[in-house]
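Good morning, colleagues. Please take a moment with the sequence and the model, and I shall then guide you through them.

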Amino acid sequence: MEEQTPHIKWFEMLCEELECNPGPVTEQLQSFRQSAEALDTSVAIFVSATTSFSAKFQALLIMSYCIVNRWSRLSMESKDSLRSTIWAEIINKYAILPNFIRRKALQAFILTWKCSWCTEPRDIRGQLFSMLKGLLDEATAVSIRDAAPTHIGGGLLDLHTSDLRRRGQAGLELLSLVSELLLVTVEDFSTCSSAEIGAPVTFHNQAHYAFEEFGLGLTFELALQILQQVLQVASGSGEHRGTVKVVVALTRAANLLNELLQWSHGEPDLALHESLK
């Protein structure tokens, strides 16, 4: 059984008190996120097999705060490791993570891209879309009976997917994952959604412009590809036709396209975006 460190045990006890004593506990959590060990501890809590969902959620909030406020001070190796760790946890546990945990984890993952989107070379930024394109290709070819190791993504995000296959996840789950990740990406780049964790509006504006210049068109292409693949499954005669999985995948693809169509070109219209939610 995994042994929890003193920091993780303390964090778990704090989260247990949150519902009964929200004010003082919130103050302690906000104080902890300023500490030197906040980032490493929040990552350890998120990937731990023994921590509660409540602790994971609070850890992801702290992790996102640390990403935004400490990203420029992290080494390249630390950035790559953090990005890969979050993504591996998402894809290996995608089918079993509660929606509120998975969503917050995807937001933290995208923050690791957003914080460098204005400064990293195009070939590095392009790795995000190469990885997603690899997932879509995998969704087309996936076979539940085939448990052979497969690597997708390349570069910093080279990822083993045999675990995903062993859990019996078919192509529809991969399509849903890519749709959800792209939706979070568009939402975060289109607004100042992370302003509450310390990033100035100028940071969001710059990221918005940079993503519009490189990223928005690629996202639209992937969204159309996802919709086409889901519609093929929905209109076919296979075992997944008409199932909840199809409905979920189709809904997420439609939500992604709707978000793309609401993109405010040029100056981001933050007030309009919030009023539409």
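Let me begin with a term: a residue is called buried when its relative accessible area is under 20%, exposed when that area is over 50%, and partly exposed in between. L224, with a relative accessible area of 42%, is therefore partly exposed. Please keep in mind throughout that what you see is a predicted model.

I turn to the chain as a whole. Its secondary structure comes to 13 helices and 2 strands. Of the 277 residues in the chain, 50% are buried. The chain exposes about 13,000 Å², and carbon and sulfur atoms supply 55% of that area. Among contacts with a separation of 6 or more, 72% are between residues 24 or more positions apart.

How confident is the predictor? The average pLDDT of the chain is 82, and 79% of the residues score at least 70. Which element has the lowest mean pLDDT, and which the highest? Helix α8, residues 162-166, has the lowest, at 43, whereas α3 has the highest, at 96. Two stretches call for caution. Over residues 143-156 the pLDDT stays under 50, and the model has 32 contacts beyond four places in sequence for them. Over residues 159-169 it likewise stays under 50, with 31 such contacts in the model.

Let us now look at helix α3, residues 38-47. Because 7 of its 10 residues are buried, α3 is largely enclosed by the rest of the structure. The buried residues are A38, L39, T41, S42, V43, I45 and F46. And what do they pack against? Their partners are α1 (6-18), α2 (22-32), α4, α5 (76-92) and α6 (99-114).

Is Q58 buried or exposed? Its relative accessibility is 13%, so Q58 counts as buried. Beyond its neighbours within four places in sequence, Q58 is in contact with F11, C15, L18 and L29.

C15 brings us to the cysteines. With 6% relative accessibility, C15 is itself counted as buried. As for C115, this residue is in no disulfide, and the nearest cysteine sulfur, that of C118, is 9.9 Å away. C115 also counts as buried, because its relative accessibility is 17%. How many disulfides does a search of the whole structure find? The search finds 0.

M131 and V178 are 47 residues apart in sequence, and their C-alpha atoms are 9.8 Å apart in space.

I close at the surface, where we return to L224. This residue lies in helix α11, residues 216-235. Together with F220 and L261, L224 forms a nonpolar patch on the surface, and the three have about 300 Å² of accessible area together. An α-helix has 3.6 residues a turn, so residues three or four places apart point the same way.

Thank you for your attention.

Key: Residues are numbered from 1 along each chain as its sequence is written. This is a predicted model: local features need pLDDT of at least 70, side-chain atom pairs count only at pLDDT 80 or more; totals for chains, interfaces and linings use all residues. Side-chain values use heavy atoms; hydrogens and water are left out. Buried means under 20% relative accessible area, exposed over 50%, partly exposed in between (1.4 Å probe, protein chains only). Contact means heavy atoms within 4.5 Å. Patches are made of residues with over 30% relative accessible area and no salt bridge: like charges are joined within 9 Å, nonpolar side chains (Val, Leu, Ile, Met, Phe, Trp, Tyr) within 5 Å. Accessible areas come from the Shrake-Rupley method with a 1.4 Å probe; for residues, only the protein chains shown count as cover. A salt bridge is a side-chain nitrogen of Lys or Arg within 4 Å of a carboxyl oxygen of Asp or Glu. Helices (H or I, at least four residues) and strands (E, at least two) are DSSP runs, numbered from the N terminus. A disulfide is a pair of cysteine sulfur atoms within 2.5 Å. pLDDT is the predictor's confidence in each residue, from 0 to 100.
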